Amino acid sequence: MLTSLQNPLVKQIRKLHSSKERRKQELFLLEGTHLLEEACATNHPLVSVCCTSGWQASHEQLWQTIVQKCDRALVVSDDVMKALSTTVQPDGVVATALRNYPMTDIGFSGLQIALETLQDPGNLGTIIRTAAAASASGLWLSKDSVDLDNPKVLRASAGQWFRLPMQISEDLRQTVLQAKLAQMQVIATLPAANLTYWQVDWQKPSMILLGNEGAGLSADLAQMADLNVKIPLQPGVESLNVAITAALILYEAQRQKICA
């Protein structure tokens with residue numbers, strides 16, 4: 001059992017808590033049983049895994065599966081596990097995975113979300129989880145947003161991170177233009193819009209534009225939209241959380257599909 005915090009692998013994994021090191025090492029963290037199960041189910045390449053003896057004893061089959069998929073597998077003490085984890089109460093397993101593994105090509109069809117300058121990892125993870133649940137065909141994220149592989153994003157996605165097609169857009173305006181050229185309707189969420197979100201025909205191929213938590217969509221991106229929609233709010237309520245906004249729209253689209 002590994003007990004030293006000075007072990008080179010332990011030091012390497014701990015560094016992955018930072019965005020800079022994830023980019024440098026081309027690796028990211030997977031924390032917790034559910035994320036490891038999803039990574040294995042979708043055959044995402046794993047590099048290393050560390051677990052406690054208690055976790056190993058209660059997850060023998062998953063442990064054997066993981067060992068066959070990664071280069072290094074170690075049993076570590078509870079203190080080492082706490083140091084490796086970004087959570088206060090880790091459930092006993094942490095792995096590293098390849099960061100730049102090719103993602104599924106999204107194309108321009110179906111129902112998609114494009115997120116501009118999103119900063120909160122919990123919001124992004126929740127949107128990923130909801131988009132997967134509502135049968136979205138893909139998610140685009142502007143490059144100035146929170147890291148797609150931020151540990152909090154992965155946890156908030158509840159494993160759906162591995163199942164929803166996602167891409168980092170180097171130029172979100174160019175991505176939107178490509179969607180329009182592919183005959184997708186582009187719909188911006190704006191508080192002053194004339195249409196409510198249920199007045200749109202979401203059965204058409206559509207791209208939903210959602211902006212930064214504080215500033216919303218930039219003016220030039222909003223101007224590219226074919227339609228603007230709002231979510232009605234009671235007087236005195238300034239706005240909704242961006243993840244809630246995404247959920248309402250995604251499930252209105254799902255409702256229209258089911259009821260068509």
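Ala114 has Trp140 as its bridge partner in strand S6. The two strands involved, S5 and S6, are paired in the parallel sense over four bridges, where pairing requires that DSSP finds at least two bridges between the strands. Helices (H or I, at least four residues) and strands (E, at least two) are DSSP runs numbered from the N terminus. The model is a predicted one, in which local features need pLDDT of at least 70 and side-chain atom pairs count only at pLDDT 80 or more, while totals for chains, interfaces and linings use all residues. Residues are numbered from 1 along each chain as its sequence is written, and side-chain values use heavy atoms, with hydrogens and water left out.

Strand S6 (residues 138-142) is mostly covered, five of its five residues being buried; buried denotes under 20% relative accessible area, exposed over 50%, and partly exposed the range in between (1.4 Å probe, protein chains only). Gly138, Trp140 and Ser142 point one way from S6, whereas Leu139 and Leu141 point the other way, and all are buried.

The loop between strand S5 (111-115) and helix H7 (121-133) holds Glu116. Glu116 counts as buried because its relative accessibility is 6%. The side chain of Glu116 is joined to that of Ser218 by a polar contact of 2.7 Å. A polar contact is a pair of N or O atoms within 3.5 Å; within protein, one must be able to donate a hydrogen and the other to accept it, and residues adjacent in sequence count only if both atoms are side-chain atoms. Leaving aside neighbours within four places in sequence, Glu116 is in contact (heavy atoms within 4.5 Å) with residues including Ser142, Ser145, Arg173, Asn212 and Ser218.

A further sheet is formed by four strands. Its order is S1-S4-S2-S3, the sheet is open, and the pairing is mixed. Strands S1 and S3 stand at the edges with a single partner strand each, so one side of each is left without a neighbour in the sheet. On average, neighbouring strands of this sheet are turned by 15° against each other, direction ignored. Strands of a sheet pair through backbone hydrogen bonds, in either a parallel or an antiparallel manner.

Both kinds of pairing occur at S2. Five bridges join S2 to S4, and these two run antiparallel; Val49 has Ala95 as its bridge partner in S4. Five bridges also join S2 to S3, which run parallel, and here the bridge partner of Ser48 in S3 is Arg72. Strand S2 is largely enclosed by the rest of the structure, because seven of its seven residues are buried. Helix H5 (residues 60-69) lies across S2 and S3 and runs at about 145° to S2; axes are lines fitted to C-alpha atoms, for helices over the stretch in contact, and angles run from 0 to 180 degrees between N-to-C directions.

Helix H1 (residues 8-15) has Leu9, Val10 and Ile13 buried. These residues lie on the same side of H1 because they cover an arc of only 100° around the axis, the arc being that of the directions from the helix axis to the C-beta atoms. The cover over the buried residues of H1 includes strands S1 (27-31), S2 (46-52), S3 (72-76) and S4 (93-98), together with helix H6 (78-84). At the start of H1, a side-chain oxygen of Asn7 comes to within 2.8 Å of the backbone nitrogen of Leu9.

Aromatic rings form a further set of contacts. Rings of Phe, Tyr and Trp (its six-membered ring) pair if their centres lie within 6.5 Å; planes under 30 degrees apart count as stacked, over 60 as edge-to-face, and the rest as tilted. This rule gives five aromatic pairs. The rings of Phe28 and Trp161 form a tilted pair, because their centres are 5.2 Å apart and their planes stand at 45°. This pair links distant parts of the chain, with Phe28 in strand S1 and Trp161 in the loop between H8 and S7, 133 residues apart. Both Phe28 and Trp161 are buried. The rings of Trp55 and Trp63 have centres 6.4 Å apart and planes at 75°, so this pair is edge-to-face. Trp55 counts as buried at 2% relative accessibility, and Trp63 is buried with a relative accessible area of 6%. Ring pairs also link Phe28, Trp161 and Phe162 into a cluster.
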